[in-house]
Amino acid sequence: MKLRTRICKKSSIQNSEASEEASKNVANYPLSCVDWSSNEEIYFVSDDHQILKWSDVSRDSVEVAKLPDDFVPTDLHWLLLGGRSSGGGKGSDTLLICSNDGRFVILNKSARVERSISAHGAAISSGRWSPDGAGLLTAGEDGVIKIWSRSGMLRSTVVHNEEAIHCARWAPNSTSIVFCQGGHISIKPLAANSKLIRWRAHDGLVLSLSWSTQSNVIASGGEDFRYKIWDAQGANLFTSSAEEFAITCVAFNPEKDYLLVGTFNLLKLCHSNGWSYSSARFTTPSVGSFFNLSWSTDGTQVACGTSTGQLIVAYAIEQQLISRNLKATSKSRKSIALKDIATGTQDLLDFPQRVVNFGLGYGHLVVATTHQVHIYNEKYINTPIIVDGRNDTRVIEVGKKYFMILDASSIWVYTYTGRLHLNPRYPGSQAQIPLLTWRSLSLGLDVLAVRDNSDPTLLHLFDLIPGASRQYDPHSLRAKQQLAEIAACRAGTSEDQFVAFIDSNRELFVSGTRNLNGDRTDEIYKIGTQLTAIMWASETNILVGVHDSCYSIWYCPGEGAADPTIIALTTVTLDTAEFGKNITIESFEDAVVTFRCAGALLPVNVNMYCEILHRALLEGQWQQALKICRMGQHASLWATLAAVATRKHQLQISEEAYAAALQIDKVSYLQHLKTLTPSSAEQMAENSLMLGRMLEAETILLHGKKIEQAVGLSLRMHNWRRALEISQKHKMEVPDLMPRVLQERSKYLKALQREEWDPLYLPHVVKEEADHLSE
């Protein structure tokens, strides 16, 4: 991937061919205040006090307003309230400009000053609107950070010390502020009584900061010629090699995992993990140090202000996506090359508008421009299907049956024929759309998973089966901790759909999205720890996850989740010391996992037998599956077959598979199952119990009027409270149940050598003692 740049000359900047005498007569003020008012317009202002607007359409700058002569600007930031679309705001957008005498002004879209406030006793180094638009912060060289309302009323002073603050930025969720003083970086949470986190970051001054919306990490650039990446607790994740000059600015892309780094005459495009994609060096003409980097809201372009007063606009080209035999590469702002690696043919696709995003997979290329979505089938490249009216597509996820796009207004699920399949909504969804990222969404085979941003422990699951009533009434899963990343499985059958997620403690959980009878299930099982990224295979229900220094492959994460023994047998963990640090998963197609580390792609094969076994099970070829296991002779194969066979009630195959995997206790249990009447309530309940579904087993017994067996089940599971509840509820039908439960409870307490402590059982113990005394 490369960075293509163009210099947008101001009227005060002469052409590079101009004579030296002419250029001496021009005042080249440093350009430190640059921001996008829409995806096509840039506002900038320097020490000449003119607010100028550069348009991508006219490629020219016009004066919008003039600031007072005593107002020397230091920072500028747009609050875009009218929407993210490239048409810009609807009159409610607001511009914040700060000065070196401690004042800031708030201007409306027509550049009329609404408020002018004297905020600090020294120059304001940073003025930023909060991501949620509720207020703004100002940080000054007097060592003070203040929070203001949107109308300019002072809310609070959150930091107050003597050392000058060079840069301050909001956290993506607007609940914290990161700022730098000298060589230190500090994070100040805005919650009451919260502690300041402070650490030594650079050997020299820290000059610039940026907090990523996508990966929640912080980038810093300093006078020690290095840029570094930190997590939200201040742990160092990456330190660059020394550049030739000080790092004057850093900026994360709002929509993609990119980081842009600016120094003297040099721009570096990096991954958010720190490693560099490419560099753009400026020698003729020399542009000086980069003072300001501002990404457009759609994340496709960046505006740069330099010390020589030049405005530079840059965008990334040669972005590549590879899926099986297809490779898509962006050649310019309006063209993509699609190459078939197998046949060697290549097509150059030109678009009437700027390409904002594109996705590739399952034989389809989906390209989003500023106002349209183009759907290409690899077999009919010359006849794309075009969907109109989708503005600023931020995320594209390609699935087997459908593709999902997240744009400025909502989430949309389309078929590959261009028909709208689902526009999912949940309580508060409309307000959360600007805060959603690709980590908050996951498109599976028949399910769409969306993390709730107002409550990050909540996961909404939308059914994508045509005609399903659950399409507009999502089922919700609630985790114990906040969700960091989610992944819905991309293959399998409609009955075997699972969703995996990593929580804030980096633990991996998996849950089914529906039971075999079509009902939902809420059982969430933990299957891994210390995970940083996960991905499902494209054609099978195999899951891969990356740890700090190794990666794991779960060959049966869904069906085996309820049984820790099966998970242990079907999980393989391999060392990645030779790969390096900060590994990410690029793709998982068929049996090949592609990791990316420091720019290099590293393909790794999973167990081929397991991949073929999953495909055989998908088509219900049980005898073929047995042959594969006998050929492979590996415990993970037999355990996978056993878990799937048990779930599908194939008891004979399940018994053979468990025996081969040396799970003797399960073989004995299956032999006991065979003694029960086929398809009876008892057998169905015992089968559900073997799958770890205790609630389902109990429900089956109670529906079949098997009260004694339901109580017996609770007693076997040591679920004492539930056993007492059932026996009390049905004491009229089965009067001798209650004494049996109390008798079993007393045996249990006697074995433990303890007195009764459960408040539900205590009244019965007192009653028994009273009866005994009366006798």
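Me: Two strands pair if DSSP finds at least two bridges between them. In this model, what is the order of the strands in the open sheet of 4 strands?

Reply: The model is predicted, so local features need pLDDT of at least 70 and side-chain atom pairs count only at pLDDT 80 or more, while totals for chains, interfaces and linings use all residues. Residues are numbered from 1 along each chain as its sequence is written, and side-chain values use heavy atoms, with hydrogens and water left out. Helices (H or I, at least four residues) and strands (E, at least two) are DSSP runs, numbered from the N terminus. The pairing in this open sheet is antiparallel, and its order is β45-β46-β47-β48.

Me: Which strands stand at the edges of this sheet?

Reply: An edge strand here has a single partner strand, so one side of it is left without a neighbour in the sheet. The twist from one strand to the next averages 25°. The strands at the edges are β45 (483-488) and β48 (524-528).

Me: Which residue in β48 is the bridge partner of Val510?

Reply: Strand β47 (residues 508-512) runs antiparallel to β48, and 4 bridges join them. In β48, the bridge partner of Val510 is Tyr525.

Me: How many residues of strand β54 are buried?

Reply: Buried means under 20% relative accessible area, exposed over 50%, and partly exposed in between (1.4 Å probe, protein chains only). Strand β54 covers residues 592-597 and is mostly covered. Of its 6 residues, the number buried is 5.

Me: Which residue in the turn between β53 and β54 has a positive phi?

Reply: Strand β53 (residues 584-589) pairs with β54 in the antiparallel sense over 5 bridges, and Glu589 stands opposite Val592 in β54. The two strands form a hairpin with 2 residues between them. The turn residue with a positive phi, of about 55°, is Asp590.

Me: Which residue takes a positive phi in the hairpin of β54 and β55?

Reply: Strand β55 (residues 600-605) runs antiparallel to β54, joined to it by 6 bridges. Val593 stands opposite Val604 in β55. This hairpin has 2 residues between the strands, and the residue with a positive phi near 50° is Ala598.

Me: How far apart are the axes of helix α8 and helix α9?

Reply: Axes are lines fitted to C-alpha atoms, for helices over the stretch in contact (heavy atoms within 4.5 Å), and angles run from 0 to 180 degrees between N-to-C directions. Helix α8 (residues 664-675) packs against helix α9 (residues 681-690) at an angle of about 165°. The two are therefore roughly antiparallel (under 35 degrees counts as roughly parallel, over 145 as roughly antiparallel, 65 to 115 as roughly perpendicular and the rest as oblique). Their axes are apart by 10 Å.
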